[in-house]
Amino acid sequence: MKNKLTNNIGLKLASVLLAVILWLVVTSMNNPVVSDYYYNIPVTLLNADLITDSGRVYEFIEGTNVIGRVTVKAPRSVNNELTAENIIATADVNEISSLDTISIKLTTNVSYNQINTIEGSIDTVKLKIENKKSKALSLKATTSGQVAPGYIPGDITTDQNLVRISGPQSVVDKVTKASVNLEIDGLSSDIVTNAEIRLYDGENQVVDLESNHITMNIKTVGVRMSIWQTASVPVNFSVTGEPAQGYRSTGEVEGNGAAVTVAGKPGALRNLTSIEVPEGVLDITDMTQDYVAEVDIRPYLPEGVFLANAEEATQTVTVRIQGEASRRMEIPEERIRLVNIPEGYRAEFSEEEGGIDINVVGLSEDLSALQADNITGTIDLKGWFSSQGIEVIEPGTYVVEVAFNLPEEVAIPNPARATLYLEELGEE
């Protein structure tokens, strides 16, 4: 038996070796080692708190937080089991170099011990590490678009007026303002909403939070804005007082009736037809020249109404004042009536009278328009006797006052008088 086992030992060993080789060849042909490729594999940073706990922040640079392509060389059966999610890429901060780079380690969570090789298109991550900085910014609000015709936007208010940001010092230093924007195009009523807060740099460009690793304590804020209806109304001024003696107001008030645009809720504007500036504001007492005043009309606006344009608050008003002129006119006696002649008496003008000269004063244009033919006078005898305290009337000659029907714009500074002869009537 022993001889049988040992006979031709070399041939037998060669047969066994050949069988193994044939098995390996067959196995290799059925499950060959192949290379497969997996793309955009993210790199996980381990022990990042070693950076952040020291008050610093980091960011990946040059896109090194993602491996563009990972090549896995392994039996086909292994590669058939793998997907990109099975590829694990890590970089440990404990191994960071003086150049702020860290070697990437590649593994898989499936059949790692059967993989021949695994390699990435990059083998290190590059970090930018700098101090972390925080600061507070005033929160501003802006609008875009135009409200509906006949309306104006009011003030914008926000629930909070500050926002605190944190991030890399170099980025935080570039942020100059925080703002929210409301789209108001075509609006005709109040708006209440939440708006996204945006950060801007010194060139008024939006700062992207994610790519710049900026955090904010709030990302949205409540915003409210009133929309006001508008109307155009005139401003009317009342004038008080009289100019100095020898001067008159022409009645012309430049600026009176000028229109301003006001705003408010529809109920406040519904019955508003004008803004009335009361007496006492423009006082021309003893003036000898044009009176010019700048009047702030805001105190005279009704409750709930304001000026749409603040520049219209001050209105310049001019009251025209001129010196009086005089004109001498003769009124014939036939244009003067005698009334209330005492009973039993007859009155007539003295033979020397002929007519009555009057001196009329007023503004030049008013005097020019005055026609003697349109002027009549009246003598009230009973009224005159009463004013003089004469109770017993006797015949004789009397100098009495004459009242003339003159326009309001002109006057007779000195009383006009006429001479009358009063005689008692006979029984006939």
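**View 1. β19 and β21 side by side, in the antiparallel sense.** Six bridges hold the pairing of β19 with strand β21 (residues 314-323); two strands count as paired if DSSP finds at least two bridges between them. Strands here are DSSP runs of E with at least two residues, helices are runs of H or I with at least four, and both are numbered from the N terminus. Look for Val292, which stands opposite Thr318 in β21. A heads-up for every view: this is a predicted model, where local features need pLDDT of at least 70, side-chain atom pairs count only at pLDDT 80 or more, and totals for chains, interfaces and linings use all residues. Residues are numbered from 1 along each chain as its sequence is written, and side-chain values use heavy atoms, with hydrogens and water left out.

**View 2. Zooming out to the open sheet β16-β21-β19.** The three strands pair antiparallel in that order. From one strand to the next the twist averages 25°, taking axes as lines fitted to C-alpha atoms (for helices, over the stretch in contact) and angles from 0 to 180 degrees between N-to-C directions.

**View 3. β3 with partners β1 and β7.** Nine bridges link strand β1 (residues 33-46) to strand β3 (residues 66-75), antiparallel.

**View 4. Thr90, a residue of β4.** Strand β4 covers residues 87-92. Is Thr90 buried or exposed? Thr90 counts as buried because its relative accessibility is 18%; the cut-offs are under 20% relative accessible area for buried, over 50% for exposed and partly exposed in between, using a 1.4 Å probe and protein chains only. Leaving out neighbours within four places in sequence, Thr90 is in contact (heavy atoms within 4.5 Å) with Val43, Thr44, Leu46, Ser103, Ile104 and Lys105.

**View 5. Phe404 and the largest nonpolar core.** This core has 25 residues, and Ile336, Ile356, Ile358, Ile379 and Phe404 have the most contacts inside it. At least two core residues come from each of β22 (325-332), β24 (345-349), β25 (355-362), α8 (381-387), β27 (396-404) and β29 (416-424). A nonpolar core means buried Ala, Val, Leu, Ile, Met, Phe, Trp, Tyr and Cys residues joined through side-chain atoms within 4.5 Å. Not counting residues up to four places away in sequence, Phe404 touches, among others, Ile331, Ile375, Ile412 and Ala416. Phe404 is also the bridge partner of Gly377, where strand β26 (residues 377-380) meets β27 antiparallel over two bridges.

**View 6. The largest cavity, at about 40 Å³.** The count comes to one cavity of 30 Å³ or more. On a 1 Å grid over the protein atoms alone, a cavity is a set of points where a 1.4 Å probe fits but cannot get out, and lining residues have an atom within 4 Å of a point. Points are joined across faces, edges and corners, and the volume is the space filled by probe spheres set on them. Ala347, Leu381, Phe385, Tyr398, Val400, Leu420, Tyr421 and Leu422 form the lining, with β29 giving the largest share, three residues. β27 and β29 pair antiparallel over seven bridges, and Val402 has Ala416 as its bridge partner.

Conventions
On a 1 Å grid over the protein atoms alone, a cavity is a set of points where a 1.4 Å probe fits but cannot get out, and a pocket is an open set with protein on both sides within 12 Å along at least five of seven lines; lining residues have an atom within 4 Å of a point.
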